[in-house]
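Please read them with the structure open.

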Amino acid sequence: MTGTTDLKLEVTDVTKSFGNVTALRGATLSARAGEVTAIIGDNGAGKSTLIKCVSGYHAPDGGEIKVSGKPVHFGSPLDARHHGIETVYQDLALADQLSVWQNIYLNRELTAGPWPFRVTRRGAMRAKARELVGDLAVNVPEVTKTVMRLSGGQRQAVAISRAVMWSNEFVIMDEPTAALGLRETQQVEALIRRIVERGTSVLIISHNFEQVMRLSDQVWVMRGGRVVNGHRTAEVTGADLVAEVTGAAAEHF
Ligand SMILES: Nc1ncnc2c1ncn2[C@@H]1O[C@H](COP(=O)(O)OP(=O)(O)O)[C@@H](O)[C@H]1O
Ligand SMILES: [Mg+2]
């Protein structure tokens, strides 16, 4: 497929300032359907701000965002969710005292009745969460476990599972393995591969060049609020990417 139809996301010339701080100076990138698209760049480059504009957390000051070829103007994260965009933020936003399945349904079942859920709803939700987790076939623990007891990697897996439960179209992740060891990083990468295999497009911010090389199909390099380079991952080396990010830092100092 060619043309714009296979583009899940098109961000064109997006700008965003916070008072005197200009976080995005006209950022342009795209993400193809069915792929893992990575964003790399130094601290402060504007990566998180960019994805927060896509996920409805910030309203951009200017520019255009298209999802599946259609221009969108999200007023809130809920708005973005209604367009099939789910985001896993760095803080994960899990409720420690609740179980895995309750976290998967957190804030989604308010219309079904007041907390606590009626027994039949609870059973159905638990079963559905268990089915999803089973299908993802990764390091997500038993759904009745309390999130507080989980490791960092398992918590990340719960947050990703929740995103996939609510959108199998497009999931955005901000540094999903930043706080994890090698083994847990590999498990989260396996989970990301699995959700792409099931048909979900993924946009991921990563500081880990090796991970970007292993996982992504396309990589964009951000610097100073702009997207300054983009590559098919197969056409670059990790060393090329390091040079583009750190070389940029050398220019600044
Ligand atoms: N809510 C905010 N208020 C003020 N400044 C912000 C806010 N969010 C981000 N910034 C600033 O915008 C710039 C880009 O930040 P960010 O998008 O978080 O970069 P990155 O994720 O690439 O590290 C930084 O200078 C940061 O301090
Ligand atoms: Mg960030």
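The points below cover the ligand shell, the sheet, the helix packed on it and the nonpolar core.

1. A caution to begin with: this is a predicted model. Please keep that in view throughout.

2. Ligand 1 has a shell that includes Phe-18, Val-21 and Ala-23. The run from Gly-41 is also represented, with Gly-41, Asn-43, Gly-44, Ala-45, Gly-46, Lys-47, Ser-48 and Thr-49 around the ligand. Two elements give two or more residues each: β2 (21–32) and α1 (47–54). The top contributor is α1, with three residues.

3. By type, the shell around ligand 1 holds six polar residues, four nonpolar and one charged.

4. The sheet is open and has four strands, ordered β2-β1-β4-β5, with antiparallel pairing.

5. Glu-10 has Lys-66 of β4 as its bridge partner. Helix α1 packs on this sheet and touches β1, β2 and β4. The directions of α1 and β1 make an angle of about 115 degrees.

6. The largest nonpolar core counts 63 residues. Leu-50, Val-54 and Val-171 touch the most other members. Helix α5 (residues 152–166) supplies the largest share, six residues.

7. Which residues does Val-54 contact, leaving aside its neighbours within four places in sequence? They are Leu-9, Val-11, Ile-65, Ile-85 and Ile-172.

Conventions: Residues are numbered from 1 along each chain as its sequence is written. Chains are lettered from A and ligands numbered from 1 in the order in which they are written. This is a predicted model: local features need pLDDT of at least 70, side-chain atom pairs count only at pLDDT 80 or more; totals for chains, interfaces and linings use all residues. A residue is near a molecule or strand if its C-beta atom, placed from the backbone, lies within 6 Å of it. Ala, Val, Leu, Ile, Met, Phe, Trp, Tyr, Cys and Pro count as nonpolar, Asp, Glu, Lys and Arg as charged, and the others, Gly among them, as polar. Two strands pair if DSSP finds at least two bridges between them. Two residues are in contact if their C-beta atoms, placed from the backbone, lie within 7 Å. Axes are lines fitted to C-alpha atoms, for helices over the stretch in contact, and angles run from 0 to 180 degrees between N-to-C directions. A nonpolar core is a set of buried Ala, Val, Leu, Ile, Met, Phe, Trp, Tyr and Cys residues joined through C-beta atoms within 7 Å. A residue is buried if 20 or more other C-beta atoms lie within 10 Å of its own, exposed if 12 or fewer, and partly exposed in between; C-beta atoms are placed from the backbone.
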